[in-house]
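Colleague: I am new to this structure and would like to know what stands behind the words used for it. Could you go through them with me?

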Amino acid sequence: MKIEPPPPATTSVLKQPLFDDVCQKEHLTLTPNDHLHLIAEALQGTSCKTRVLTLQGFTEEDIDSLPLIAKALATSPTIEYLYIYHCTNSHTPTLLAQALETNTTLISITMSRCPNVGDDGIALIASALKMNPQSSISSVDFSNIGMGDEGVKALMQDTNVCELSLGNDDNIGLEGIKAIAKAIARPTSCMRKMCLRQIHLSNTAMKHVSRALRKSHLEHLHLESANTLTSSGIIAMAHSLKVNTSLKWVRIASVDFTSGGQALCQALQWNVSLHRLYLDGAFVRTVLIL
């Protein structure tokens with residue numbers, strides 16, 4: 001069900017100064033206590049200079065204000081970067097999806113600590129991006145939003161995202177990692193940068209990612225597992241690094257250097273594209289500049 005914004009508030013004597021102030025801000029942070037009726041109207045104006053919009057702290061009590069911001073996002077002529085933090089309002093993904101169906105200026109979305117988004121919310125957002133042929137979204141960063149395997153699968157279907165960052169969601173398991181691996185291995189994949197932070201990466205999951213790297217066009221890879229990566233997963237990655245020709249920057253955290261380290265060192269003798277490799281372990285951090 002589409003959520004409509006409430007009727008405009010009565011014109012305030014603060015309107016013109018507030019319009020002028022909003023229009024001149026390149027970076028704008030909004031909280032529930034702001035004059036959102038007036039600000040939302042200002043964001044849609046052709047004279048607005050706001051390129052970076054941050055929404056913070058919206059709860060279930062703010063159902064009247066969020067639709068106003070969603071409407072502004074849908075038609076904004078300037079906003080390119082959207083950050084949503086600590087928003088527990090359950091309508092957030094629905095409203096964001098409505099905005100993304102028509103928005104043409106956003107290039108990056110970051111959502112963090114919004115636990116009510118979940119798989120269903122991500123599915124709505126992913127569907128909206130597919131429905132909008134003029135969408136410019138190329139970067140998504142989602143963490144602590146209650147996403148699991150089904151949400152990852154929805155996000156990875158025919159995605160045009162170039163930069164993907166996921167993290168701190170315990171429900172992302174093997175099936176989600178397999179969906180990511182399949183996406184980055186597609187010949188038509190646009191993905192150039194991928195970061196998986198504090199996600200459980202089993203040796204089996206690492207093998208799927210490693211096989212995908214043999215075909216992918218990734219240039220930047222950051223894997224930070226919530227568990228320690230051991231022998232077979234590291235060796236699988238080493239074998240892929242031997243033949244990969246696109247990666248330029250790699251960071252692998254939570255590495256057990258007692259197993260697999262030799263295989264990684266041998267792989268570096270064959271790799272011709274890698275410029276920098278970071279290996280983070282329990283007691284050591286190695287930075288190799290090649």
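Predicted model: local features only at pLDDT ≥ 70, side-chain atom pairs only at ≥ 80, totals over all residues.

Colleague: Why is N103 called buried?

Modeller: Buried means under 20% relative accessible area. N103 has 3% relative accessibility, so N103 counts as buried. The residue lies in the loop between α4 (92–100) and β4 (108–112).

Colleague: What does N103 touch?

Modeller: Leaving out residues up to four places away in sequence, N103 touches L73, A74, S76, N132, Q134 and S135. The N103 side chain also reaches the backbone nitrogen of T105, at 3.0 Å.

Colleague: What makes N144 partly exposed rather than buried or exposed?

Modeller: Partly exposed lies between the buried limit of 20% and the exposed limit of 50%. N144 has a relative accessible area of 24%, so N144 is partly exposed. Its place is in the loop between β5 (139–143) and α6. N144 is not a glycine, yet has a positive phi of about 55°.

Colleague: And how do you know that Q198 counts as partly exposed?

Modeller: The relative accessibility of Q198 is 32%, and Q198 therefore counts as partly exposed. Q198 sits in strand β7 (residues 193–199). Q198 has a positive phi of about 50°, although it is not a glycine.

Colleague: Why are α5 and α6 called roughly parallel?

Modeller: Angles under 35 degrees count as roughly parallel. Helix α5 (residues 118–131) packs on helix α6 (residues 149–156) at an angle of about 5°, with the axes 8 Å apart. The two helices are therefore roughly parallel to each other.

Colleague: Which residues meet there?

Modeller: From α5 come D119, I122, A123, A126 and K130, and from α6 D149, E150, G151, A154 and L155. By class, this contact has 5 nonpolar, 1 polar and 4 charged residues.

Colleague: What makes α8 roughly parallel to α9?

Modeller: The axes of helix α8 (residues 203–213) and helix α9 (residues 231–243) cross at roughly 0° and come within 8 Å. That angle makes α8 roughly parallel to α9. The contact involves N203, M206, K207, V209, S210, R211 and L213 of α8, together with S232, G233, A236, M237 and S240 of α9. It has 5 nonpolar, 5 polar and 2 charged residues.

Colleague: Why is α9 called roughly parallel to α10?

Modeller: α9 and helix α10 (residues 261–268) pack at about 5°, their axes 8 Å apart. With the limit at 35 degrees, α9 is roughly parallel to α10. I234, I235, A238, L241 and K242 of α9 make the contact with A263, L264 and A267 of α10. By class it has 7 nonpolar, no polar and 1 charged residues.

Colleague: Which residues touch the most other members of the largest nonpolar core?

Modeller: Those are L53, M111, F142 and L166, in a core of 85 residues. Not counting residues up to four places away in sequence, L53 touches L28, L30, L43, I69, L73, I79, Y81, L82 and Y83.

Colleague: What share of the contacts with a separation of 6 or more joins residues 24 or more positions apart?

Modeller: In the protein chain, such residues account for 79% of those contacts.

Definitions and conventions:
Residues numbered from 1 in each chain as written. Heavy atoms only, no water. Axes fitted to C-alpha atoms, helices over the stretch in contact; angles between N-to-C directions. Helix = DSSP H or I, 4+ residues; strand = E, 2+ residues; numbered from the N terminus. Parallel < 35°, antiparallel > 145°, perpendicular 65-115°, else oblique. Contact = heavy atoms within 4.5 Å. Nonpolar A, V, L, I, M, F, W, Y, C, P; charged D, E, K, R; others polar. Buried < 20%, exposed > 50% of the residue type's maximum accessible area, 1.4 Å probe, protein only. Polar contact = N/O pair within 3.5 Å; in protein donor to acceptor, adjacent residues only side chain to side chain. Core = buried A, V, L, I, M, F, W, Y, C linked by side-chain atoms within 4.5 Å.
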